[in-house]
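My notes are below, in the order I looked things up.

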Amino acid sequence: MTEERPGTAGSAALWERDTQIAAVEQAIDTLRVDNSSSGSLLLFTGDAGLGKTALMTETRRIAERRNCTVWSVRGGETLRSVPFNVVRQLLQPALLSLMPEEAREYLGDWYDIAGPALGITEPGDRLADPQGVCDGLVAAVRRLAKRDWPLVLLIDDAHWADQESLRWLAAFAERLDDLSVLVVVARRPGEATGGRAVHLEEIAKAAGPVATLDALTPAAAAGLTRTTLGPHADAPFCREVWAVTGGNPYETVELLAKVQDAGLAPVEASCGRLRELNNAARGGGLVARLEELGVEATRFAWAAAILGTGISVDLVARLATLSHYEAYRCANLLCTARILTEPHLAAGQVADSDLEFVHPLIATAVYDSIPDGMRTAMHGIAAQVVTESGRGAAAASHHLLHVYPDDDEELVDQLREAAREHQAVGAPDAARRCLERALLEPPRPESHAHVLFELGSATHLTAPATTIGHLQTALAMPGLEGDQRVDAIVRLSQALLHNDQLEEAVRTVETEAARHQPGPARMRLQGVHFMLEGIHGGDVTAPGRSERLADLARPCTGRDNSERALLILRGFDAMTHGENAEEVVEMCDRALVNGRLAPGLGWTDPEWGIELLMMLACAYAYTDRLDRAESLYMDALRAYETAGWSGGHLSLAHAYVGLGHRRRGRLREAETSLRESLRLAERVGRGLPLYWSATCNLVDTLLARGHVQEAWAIAEQYGFAPPYPSTIVLPEPRAVRGRLLIAVGRTKEGINELEAAEKAATGRGFHNPVLATWAVDLARALATEDPLRAAVLVADARRYAERFGTDTAIGEALRCAAALETGQRAVRLAAQAVAYLEASPCQYEHAAARVEYGIAARSVAEIQRGLTLAKSCGADGLVAQAREVLETGRGLR
């Protein structure tokens, strides 16, 4: 029988791993060819002890031998709750080599976003957006990787990595196509659950073929045995080694080391001792071996297992209540016994060194061997030791989570402080765990509601339904009073809104407002109530709502943010109803301070939320004040990018930047912004209002460009069809879908959709013909089969446009009227439409009016002017129409 040897690999644990080592060598050689080559990801999976760690060690050796920079990290079973633990340790070599000024220069705009998560800078005052922090970490590692090419990243025991680090790794793995870096990940299958399991699956999808490690064959076990013990090891002994260990490489290596320590002859007569020795190398046997080293060494090992990471001899000594001398002696004993790694430092320096367990299996066995009561007590002491070492409440919270509830208000305060620190660096799940543990203590009655409110705030961005439950419970308890209660009501209404429970949100705020006497708190709640009603997308609105809002806003001068909010809401309401545009603009202007948003009413301020400011910007956009609207949209985009908010808020900002481009007639730019909005919305989740905003505006823009089939494909791919969301979407989705259906030849369905838009708009009193375009779209669709109804629709559109008074509204109504006429009347109406739209900021509509006027008047010059405008807008369909008429040339002058 031939025995398989480990080839070039020197480690005994690498027997039968030639295929995996060859894959590593090939990936590293490819990496080193050119710093512009694509990166790659290798994933090794296998059960405990099958050689993943040895393979990672060999990968490091190969990479360093080929002059690569290597960053490596290993997950820890007891450290899964420590956010950003793995990514922080992974980046330590690069971060420690940089001065603070250099780090800021390398990370650029991402420094303040990713820096707190990496522990290199203090967090800001606002809560960090988890997605933004993740994106910041991706950008940070990408920049550092380019500096340190060729770079190899090693992540061992990824199944024990914290959720935040796995989220980063999954996002980073998706971006390897344009970054020359090799990522090697090792994990056990089936160990992770929940969000961590999802991220690990995403990482697996980004890898090439996954390499699954198998147990050693009997031949390999025999070869390893004879290599370790000598060629005289007989066949029965070798077979028994394989049978006892099951071919597990780690257990085989440990067993053979025990055979050597015991001086056992590798012959058949010794086979009876192998199982006993194998048991001593793991589990209870390992614990017994540890106890043989003495009480102090056992206590030292327990303390190291409790800490899990950052295991300095000094910190362990404090936790294990050992003198410096005793701690150093125990460290050496444990290193000699192959339980901890060798510090490689002189006695005078050992207090500053880091230790780690030789293998994760040993760390787990030691941790599990600590009696339950002792383990809990040591975690409590560890929390104090970590806090006193200056690492902060967040670092200590990992240990506090393991302490038994004992009605300790000080522990509640520590966990609340840790939760605030976790949220400030973008780890809301860690904050949630701290606050849930605080509730078990439990808090004192006077602070219980506050903890629930903080817990609801921690889950606000990630789990609106959970937030609703916590906040409703908090509000039903005593404790939240005054401004804090109002804050909780507003936060609850936002969660209900984001959970598509808008009607309940309206009722909640309305009920609370009725409990308050006139004053700032009541006015704020009334403002939120009107805002929620204003964005409701139902077919009817509350009777008398606009009149009540007008009465409430009439005396407002904009002296505080509650008054400014009411002015914005009144301006938006007047805009949607098609009231005089100049009066709308005057109300909106009163809500500003020197032409800018007031302090406390910014895009990232939590008091009012994004919806109110989008109402303000859209009121300007649909009253032809596009300069002011675009300024607000761009301010939102910059604010969210600067703050690192790259979830729903940034998606909505891109959607409205796209809307601004669309209104202006910059269709190419609009499409780019809207596709980015839709990409971000996909990460947040389908079906939300922001998702509809991105999809609806993109379909509308593609139709304007003349890309009908592409618009239809987007609608099909992203579910742009009934049922519609409970919140309003601009532009009106029924009108956009109706136009789309007509454009693809499904005219009857399109007419039905436009009639549904008519019903919804009429029920809500939406008579702004620019905002609700159903009237002119329906008139064009009915021009042939029902010209009388089409004429009535156009007449109403012209009447509403005259009342509203903007050049765009009047010009668009005249365009539609001209399309329904013939002869000189059509020419006159088209000429009037051109005159109005030339004064409008909406260049696409101006271009369309020029082409239509040129065709009606048979004027080559007008068609060519329209063609030039259409080209500048990116309106390919309009360009094709104009060219076709010019090329035909019949009857043109």
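This is a predicted model: local features need pLDDT of at least 70, side-chain atom pairs count only at pLDDT 80 or more; totals for chains, interfaces and linings use all residues.

Next, the ring pairs. I searched the whole structure and got 6 aromatic pairs. Trp603 and Tyr640 form an edge-to-face pair, because their ring centres are 6.4 Å apart and their planes stand at 75 degrees. Where do the two residues sit? Trp603 is in the loop between α29 (581–590) and α30, while Tyr640 belongs to helix α31 (residues 626–643), so the pair ties together parts 37 residues apart in sequence. I also noted a cluster in which ring pairs link Trp692, Phe720 and Tyr724.

Then I checked for charges over rings. Arg375 has its charged end over the ring of Tyr367, 5.1 Å from the centre. Arg799 lies over the face of Tyr800, with 4.7 Å to the ring centre.

Last, the cores. The largest nonpolar core counts 199 residues, and Phe300, Ile339, Phe357, Tyr622, Tyr633, Val699 and Trp774 have the most contacts inside it. Helix α30 (residues 610–621) gives the most to this core, 11 residues. Another core, of 52 residues, lies apart from it, and I find Ala94, Ala114, Val138 and Ala161 among its members.

What does Tyr622 contact, leaving aside its neighbours within four places in sequence? My list includes Met575, Leu659, Arg663, Leu730, Pro731, Phe804 and Thr806. Asn768, Val770 and Leu771 are in contact with Tyr622 too.

How values were computed:
Residues are numbered from 1 along each chain as its sequence is written. Side-chain values use heavy atoms; hydrogens and water are left out. A nonpolar core is a set of buried Ala, Val, Leu, Ile, Met, Phe, Trp, Tyr and Cys residues joined through side-chain atoms within 4.5 Å. Buried means under 20% relative accessible area, exposed over 50%, partly exposed in between (1.4 Å probe, protein chains only). Helices (H or I, at least four residues) and strands (E, at least two) are DSSP runs, numbered from the N terminus. Contact means heavy atoms within 4.5 Å. Rings of Phe, Tyr and Trp (its six-membered ring) pair if their centres lie within 6.5 Å; planes under 30 degrees apart count as stacked, over 60 as edge-to-face and the rest as tilted. A charge sits over a ring if NZ of Lys or CZ of Arg is within 6 Å of the ring centre and within 35 degrees of the ring normal.
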